[in-house]
Amino acid sequence: MKRIITFYLRPYYRRMAVGFLIKFLGAIMDLFIPWILAYVIDSVIPVGSMGLIFVWGGVMLICSILAVSFNIIANRMASRVASDATQIIRHDLFAKTMYLSARQTDAFTKPSLISRLTTDTYNVNQMIGRVQRLGVRAPILLVGGVMFTMSLDPVLSSVLLLVMPVLAVVMVAVSRKGMPLYRKLQSSVDSFVCLVREDIAGIRVIKALSKMDYEKEKFDRINRMVVTCERNAERTMAVLNPAMNMLLNLGLVGVIIVGAFRVNAGTSEVGKILAFMTYFTIILNAMMSISRMFVIINKAVASAARIDQVLSCEDDLALLGDKTGQEADTEDAEIVFDHVTFSYNKNEPNLRDISFIVKKGEMLGIIGSTGSGKTTLASLLMRLMDVDEGRVLIGGRDVRSFEKKDLRSRFGVVFQNDTIFEDTIYENVRMGRQIGKKEIIQALRYAQADEFTREKEESEGAMLDIRGANLSGGQKQRVLIARALAARPEILILDDSSSALDYRTDAMLRRQLKENFSDTTTILIAQRISSVMHADHILVLEDGEMIGYGTHEELLRGCAVYREISRSQTGDIGG
């Protein structure tokens with residue numbers, strides 16, 4: 001919350017101060033009305049002057065108009081400050097999320113980041129707006145109401161003052177208990193969002209396996225958990241309103257009883273009792289507003305802490321000095337992995353002592369079983385994560401010495417389960433880059449996607465559904481490959497990007513890469529021997545270890561695992 005107040009609200013301090021002043025004036029106008037009413041009943045009416053009655057009635061009317069006008073102006077200013085500040089908070093949070101490392105993203109989890117960008121920023125928005133609208137008006141009405149009652153009749157107001165400490169104790173006790181419950185609620189909402197996200201994304205698989213009932217049971221369990229957390233938090237905070245109502249009404253009863261005795265004894269007047277009734281209503285509403293504000297603040301404090309966790313997250317991919325790392329035998333190398341070891345959990349290494357060299361324009365094929373570390377190699381090369389030991393060099397320079405934008409602009413990449421956006425085919429290929437339509441059409445042709453993309457452009461305006469739902473698996477992969485090729489990258493990474501392609505299309509794609517991207521260094525990660533067998537070098541991984549490196553023929557002779565893969569897929573057992 002400190003960051004929200006001292007950083008994001010700082011540019012609006014002056015505007016908020018003006019709004020507070022206007023709100024203050026409006027609240028004072030509201031407080032004057034009962035006092036004027038008491039004066040009219042006790043002092044003006046007994047005189048019998050209609051002129052004075054109309055004059056003071058006009059004063060009450062003016063106070064009412066000013067109170068309404070000031071409150072409307074202040075509320076509009078408060079809403080503007082809240083929306084502008086939240087916009088900046090949401091922008092910074094999204095920007096920070098975009099630049100988190102893969103390790104940090106996994107630690108926060110994607111559903112949690114979505115929840116922080118939506119629910120948590122909404123809670124902060126509500127808090128900023130309500131504090132400006134009620135945070136000034138309610139305390140002024142409360143304190144001002146007490147002061148005006150003191151000026152009218154100190155004895156009656158002492159009855160009211162007896163209730164205030166009890167109210168304060170109730171509010172503090174409930175708030176202390178409620179805040180942890182709202183934090184727990186937000187965590188359960190994260191899990192809820194995670195399940196919904198997975199089920200909606202995998203709905204076709206769920207239907208295909210007839211697992212609808214199973215997923216409904218999972219949803220019911222987590223839904224009940226969210227409801228339970230929400231109910232516990234709301235039940236706790238719900239104590240405030242009834243408790244405050246009861247205490248204030250008891251105070252009101254006390255005022256009426258004491259007031260009746262005082263009027264009967266001639267020490268007080270009827271107008272003051274009526275004014276006291278009105279002030280009591282004002283004070284009651286002010287206390288109710290404060291209690292509602294406490295609920296909103298409790299939610300916002302929990303949400304602000306979660307937002308701050310992301311915003312204050314330090315960059316774990318810090319820029320290193322310019323370390324060339326050039327050696328005599330790697331001078332002409334484009335990519336060098338030098339004794340690289342990496343672990344996700346920092347206990348068991350996922351990659352262990354990996355070393356290889358790829359020269360400019362060469363193609364490296366990477367093959368291995370699921371979980372062997374193939375995708376992790378690509379992530380380390382693009383510096384989505386940092387190595388634990390060793391170095392990764394591009395052009396003789398440690399990847400940790402590049403600015404991230406400069407480094408990643410060198411790559412064209414297709415990841416496993418990559419994303420198609422709800423946009424045109426051309427925009428899915430362009431992705432906001434300075435790439436002309438001619439280059440996009442050319443990239444689609446290289447990726448063997450030009451035929452079906454032309455048909456879609458003619459029939460549907462080339463619009464694609466979310467995640468490319470109106471494309472087949474092979475069509476999606478070809479659009480993604482076109483995206484990677486469009487900017488003619490220095491390094492091309494294709495991570496299992498041809499798994500949904502038939503053998504003919506796969507072969508034609510490889511031919512286009514060889515003919516038109518001969519200067520591009522290519523990392524081809526695949527499950528098929530046929531996809532990598534023509535590469536200049538092939539790296540075989542198993543359980544994070546490098547168990548083979550060489551050409552197809554060399555590996556058939558010297559690597560038992562590669563030979564077994566080749567035999568199972570092609571029947572080729574080598575020489």
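Predicted model: local features only at pLDDT ≥ 70, side-chain atom pairs only at ≥ 80, totals over all residues.
**Entry 1**

I started with the contact (heavy atoms within 4.5 Å) in which L240, N241, M244, N245, L248, G251, L252, V255, I256, G259 and V263 of α9 meet V270, I273, F276, M277, F280, I283, L284, M287, M288, S291 and F294 of α10.

Residues are numbered from 1 along each chain as its sequence is written, and side-chain values use heavy atoms, with hydrogens and water left out.

Next I looked up the axes: those of helix α9 (residues 240-265) and helix α10 (residues 270-311) come within 10 Å and cross at roughly 170 degrees. Axes are lines fitted to C-alpha atoms, for helices over the stretch in contact, with angles from 0 to 180 degrees between N-to-C directions. Helices (H or I, at least four residues) and strands (E, at least two) are DSSP runs, numbered from the N terminus. I therefore noted α9 and α10 as roughly antiparallel to each other (angles over 145 degrees).

**Entry 2: aromatic rings**

My search of the whole structure gave 10 aromatic pairs. Rings of Phe, Tyr and Trp (its six-membered ring) pair if their centres lie within 6.5 Å; planes under 30 degrees apart count as stacked, over 60 as edge-to-face and the rest as tilted. F342 and Y344 form an edge-to-face pair, at 4.9 Å centre to centre and 85 degrees between the planes. F342 is buried at 0% relative accessible area, and Y344 is partly exposed at 37% (buried is under 20%, exposed over 50%, partly exposed in between; 1.4 Å probe, protein chains only).

Y446 and F517 are edge-to-face too, with ring centres 5.4 Å apart and planes at 85 degrees. This pair links distant parts of the chain, 71 residues apart: Y446 sits in helix α14 (residues 437-446), F517 in the loop between α17 (503-516) and β8 (521-525). Y446 is buried at 8%, and F517 is buried at 4%.

I also saw R488 over the face of F517, 4.4 Å from the ring centre (CZ of Arg within 6 Å of the centre and within 35 degrees of the ring normal).

**Entry 3: backbone**

Which loop holds D543? D543 lies between β9 (537-542) and β10 (545-550), and has a positive phi of about 50 degrees although it is not a glycine.

Note on methods. Parallel < 35°, antiparallel > 145°, perpendicular 65-115°, else oblique.
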